[in-house]
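Please open the model in a viewer and keep the selection tool at hand. The stops below say what to select and what is to be found there.

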Amino acid sequence: MSIILARIDDRLIHGQVTEGWGKVIAPKSILVVSDTVSLSDWECELCLAALPSYIGGKIVKLDEAVEAINKLDSDQVPSYVLFESPKDAFEVIKNGAHISELNVGGMHSSKDKREVLDYIYVDDDDTFYLQALRDLGVKLDFRDLPGHNDVDVLTLLNK
Amino acid sequence: MIQGIIIGHVDIGNALIDALHSISGMVEFIEYISNKGLSTNELAEIIKSKSQKNSSDGVMLFVDMYGGSCWRAAKMARVPNSHIVTGINLPMLLSFIQKRNTIPIDELPAIMEIDGKRAITSE
């Protein structure tokens, strides 16, 4: 069984991740997969500032992510892996990251996105890559917090 | 006048401003932004646009939690002539309303920190 919780959340490290999900899997490390954040030292610092001292944090680019995730998996380190978007998650999983289940917990509003749930807003790209993830065989679990019910967003989108 | 903007989770900013009004009467140049449903980038854009309306005397950005997405958005907004204070509470905001007319913007953040902490006690 995997001890990695993989999640799509554009807020990356924030309270829902460290507190809400922290009760389910006490992570030793959080791996943030983001080309945009890793470009800037300042943004990396902002991103990791929210981490409690007992959790290690690391930010990797998309092309470094497969190796980093599979190492956490083989070392059996309880970890969270955070992606900013379905597209990023799809690229990394397609390229061989050992992730069979993906929590979709935060895709917040921005221009040209439509609301599906109060924490899920999508555009055509998002819909395409969520479907592509499911087609890859990844189990998608749509919920912001562990105590909430899984909502089948893809079925809602196809209506 | 120095503008105050509360940036916080869900309805906390709205509730704090309601409480301020109930204690001090109507208060101007203080408003709130909720993070509800917003990406960090979009929240940063809203902070920027609200700050531009009245930024000549400076802007104090009051954030509910250090390190959270509201804090990150406040940093990313890079508002000119602004300061960020985290861990807001009602006494801190009351102090802001009283002192912002007499104390320059650059000296206010340290005073907010002291006044906010002074209000936290235990017996």
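The tour begins with the contact between the chains and then turns to individual side chains.

This is a predicted model, in which local features need pLDDT of at least 70, side-chain atom pairs count only at pLDDT 80 or more, and totals for chains, interfaces and linings use all residues. Residues are numbered from 1 along each chain as its sequence is written, chains are lettered from A and ligands numbered from 1 in the order in which they are written, and side-chain values use heavy atoms, with hydrogens and water left out.

**The interface of chains A and B**

Select both chains. The size of an interface is often given as the accessible area lost when the parts come together. Here the buried area (the accessible area, with a 1.4 Å probe, that two parts lose on being put together, summed over both) is about 1,300 Å², with carbon and sulfur atoms giving 53% of that area. Next, select Arg11(A), Trp42(A) and Leu46(A): they supply 45% of the area that chain A buries against chain B, more than any other three residues.

The contact (heavy atoms within 4.5 Å) takes 16 residues from chain A and 16 residues from chain B. Between the two chains, the count of salt bridges is 0; a salt bridge is a side-chain nitrogen of Lys or Arg within 4 Å of a carboxyl oxygen of Asp or Glu. Polar contacts join 8 residue pairs across the interface, both residues being at pLDDT 80 or more. A polar contact is a pair of N or O atoms within 3.5 Å; within protein, one must be able to donate a hydrogen and the other to accept it, and residues adjacent in sequence count only if both atoms are side-chain atoms.

Now select helix H3 (residues 41-48) of chain A, which gives the most to the side of chain A that touches chain B, with 3 residues. Helices (H or I, at least four residues) and strands (E, at least two) are DSSP runs, numbered from the N terminus.

**Two buried aspartates**

Select Asp10(A), in the loop between strand E1 (4-9) and helix H1 (15-20) of chain A. Asp10(A) is buried yet has no salt bridge, and the nearest side chain of opposite charge, Arg11(A), is 5.0 Å away. Buried means under 20% relative accessible area, exposed over 50%, and partly exposed in between (1.4 Å probe, protein chains only). For charge, Lys and Arg count as positive and Asp and Glu as negative, while His and the chain ends are not counted. Not counting residues up to four places away in sequence, Asp10(A) touches Glu84(A), Gly106(A), Met107(A), His108(A), Ser39(B) and Thr40(B).

Move to Asp64(B), in the loop between strand E3 (59-63) and helix H3 (69-77) of chain B. Asp64(B) is likewise buried without a salt bridge, and Arg11(A), the nearest side chain of opposite charge, is 9.7 Å away. With which side chain does that of Asp64(B) make a polar contact? The partner is the side chain of His9(B), at 2.7 Å.

**Salt bridges**

The structure holds 11 salt bridges over all chains. Select Arg134(A) and Asp152(A), whose closest N and O atoms are 3.5 Å apart. The pair links distant parts of the chain, 18 residues apart: Arg134(A) is in helix H6 (residues 124-135), and Asp152(A) is in the loop between strand E8 (139-142) and helix H7 (153-158) of chain A. Arg134(A) is partly exposed at 31% relative accessibility, and Asp152(A) is partly exposed at 36%.

In chain B, select Glu31(B) and Lys50(B), a salt bridge with closest N and O atoms 3.4 Å apart. Glu31(B) lies in strand E2 (residues 30-34) and Lys50(B) in helix H2 (residues 40-52), so the pair ties together parts 19 residues apart in sequence. Glu31(B) is buried at 18%, whereas Lys50(B) is partly exposed at 24%.

Next, select Arg118(B) and Asp115(B), which meet in a salt bridge at 3.0 Å, N to O. Both lie in helix H5 (residues 108-118) of chain B, 3 residues apart, about one turn of the helix. Arg118(B) is exposed at 57%, while Asp115(B) is buried at 9%.

**Helix H4 of chain B**

Finally, select helix H4 (residues 90-99) of chain B, whose buried residues are Met92(B), Leu93(B), Ser95(B), Phe96(B) and Ile97(B). At the start of this helix, a side-chain oxygen of Asn89(B) reaches to within 2.9 Å of the backbone nitrogen of Met92(B).
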